[in-house]
Amino acid sequence: MPHILIVEDETIIRSALRRLLERNQYQVSEAGSVQEAQERYSISSFDLVVSDLRLPGAPGTELIKLAEGSPVLIMTSYASLRSAVDSMKMGAVDYIAKPFDHDEMLQAVARILRDHQEARRNPPSEAPSKAAGKAGAPAEGEIGIIGSCAPMQDLYSKIRKVAPTDSNVLIQGESGTGKELVARALHNLSKRAKAPLISVNCAAIPETLIESELFGHEKGAFTGASAGRAGLVEAADGGTLFLDEIGELPLEAQARLLRVLQEGEIRRVGSVQSQKVDVRLIAATHRDLKTLAKTGQFREDLYYRLHVIALKLPPLRERGADVVEIAQAFLARQCQRMGRDHLRFAHDAEQAIRHYPWPGNVRELENAIERAVILCEGNEISAELLGIDIELDDLSDDEFAEQPAQGAVNNHEPTEDLSLEDYFQHFVLEHQDHMTETELARKLGISRKCLWERRQRLGIPRRKGAAAGS
């Protein structure tokens, strides 16, 4: 069972995070400061350290050298993202922005532990023999994406060709198909692999803040700008900038981004001076940018700058037998994480996995398997435990989107039989006219990114009215 150290001075946050990790079969210790952690524990003995950036006394980044090679995950608010990026340059394995939802944290922890275990099993000296892999299939550590269907083999081939270049890349695909995995593969196989990969979800940052977050600002540039601050584009200097859901980027920010691509320079908000940056851009979207450009919702000149290389990720329903291979990998990962042995899919579960259309793609499959492993009391996971309704498959995606949630969409009235998705639809429709996106996310107990993703999956467009912005 992996042993995790939490270092956080806010007692409520520390306790909640401890309960979350313990519920998911992790052994957890905690401390309120770097000094307390040093006094109570041998920090290098932990499998992972999760620390707040700002702590009383020494900052959380002090734990990086004390961990002596054990991975350190830094927690920080969006207001401190630049500092979090600096911490990655100091050796932190990753950062996670507050407020985060439970799924975000659990996915980050699982990924970091898996990658660290893989690195220990296969040190750099073993890389050549490992890279050989199976004939015709990508080596596990080379691209890091599961699946061997024809469309994915074609994608792997393109990734290997494109990665060593500095060309801009546009990754297209439905939500949940793994666009960030492709971006990571492109970065890891590039000559920039030792420099930062900065990932930004354009839909998760309030429109009023996104220019400042990406491009930085000068002191006094706007109300509350008490000091100058570098942006995330500067933080990616020498490395790769990954802009997820770039179709949600406001037009003003698009103009600034175009300057970065055309001139290789950046100008902070409120500044009259520019500075050079060397950044490779990878963008991703589930939207049709060409159509958005024709209707004036996306800059046409930026679209053509981005569309140098286009990579298309197929939805899970079009990947044939890959879905079972991915499900088996997720099952093995969850069993290892939760200390469960000999779990397998029953025949009806395998049939359900094969024939369900997975509108939420790989992300939905992973969540379904995690839930099933938690709830399974025997050695077999049944179709019922997966929580998917095969009877809905007779509807096309468009027809399904038009079906009203019981008691939620038409009447805005909750019923006793509301599912979680019904409740989400009801709550958003009921309150979005007078609450901001930040307030909606906080009331639902999720992050802005998670709120946006669920809106996309359930077909609830974001209102552009007075309260919709933040």
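**Figure 1. Contacts of arginine 14.** Arginine 14 touches Ile6, Glu8, Asp9, Glu30, Ala31 and Gly32, leaving aside residues up to four places away in sequence. Contact here means heavy atoms within 4.5 Å. The residue is found in helix α1, residues 11-23. Helices (H or I, at least four residues) and strands (E, at least two) are DSSP runs, numbered from the N terminus. Arginine 14 is buried, because its relative accessible area is 13%. Buried means under 20% relative accessible area, exposed over 50%, and partly exposed in between (1.4 Å probe, protein chains only).

This is a predicted model, in which local features need pLDDT of at least 70, side-chain atom pairs count only at pLDDT 80 or more, and totals for chains, interfaces and linings use all residues. Residues are numbered from 1 along each chain as its sequence is written, and side-chain values use heavy atoms, with hydrogens and water left out.

**Figure 2. The largest nonpolar core.** This core has 50 residues. Val233, Leu241, Leu243, Ile246 and Leu306 touch the most other members. Helix α11 (residues 251-263) gives the most to this core, with five residues. A nonpolar core is a set of buried Ala, Val, Leu, Ile, Met, Phe, Trp, Tyr and Cys residues joined through side-chain atoms within 4.5 Å. Leucine 241 touches Ile198, Val200, Leu232, Val233, Ala236, Val279, Arg280, Leu281 and Ile282, again not counting residues up to four places away in sequence. A second, separate core has 27 residues, including Val324, Cys335, Met338 and Ala368.

**Figure 3. Helix α14.** The helix covers residues 322-338, 17 residues in all. From first C-alpha to last, α14 reaches 24 Å, close to the 24 Å expected at 1.5 Å a residue. The expected span is 1.5 Å times one less than the number of residues. Buried residues of α14 include Val323, Ile326, Phe330, Leu331 and Arg337. Val324, Cys335 and Met338 are also buried, and they belong to the second core. Glycine 339 follows α14, with a positive phi near 70 degrees.

Figure 4. pLDDT is the predictor's confidence in each residue, from 0 to 100. The chain has a mean pLDDT of 81, and 83% of its residues reach 70 or more. Over residues 391-418, pLDDT stays under 50, and the model has 33 contacts beyond four places in sequence for them. Residues 466-470 also stay under 50, with 17 such contacts. The chain has 21 helices and 14 strands. Of its 470 residues, 48% count as buried.
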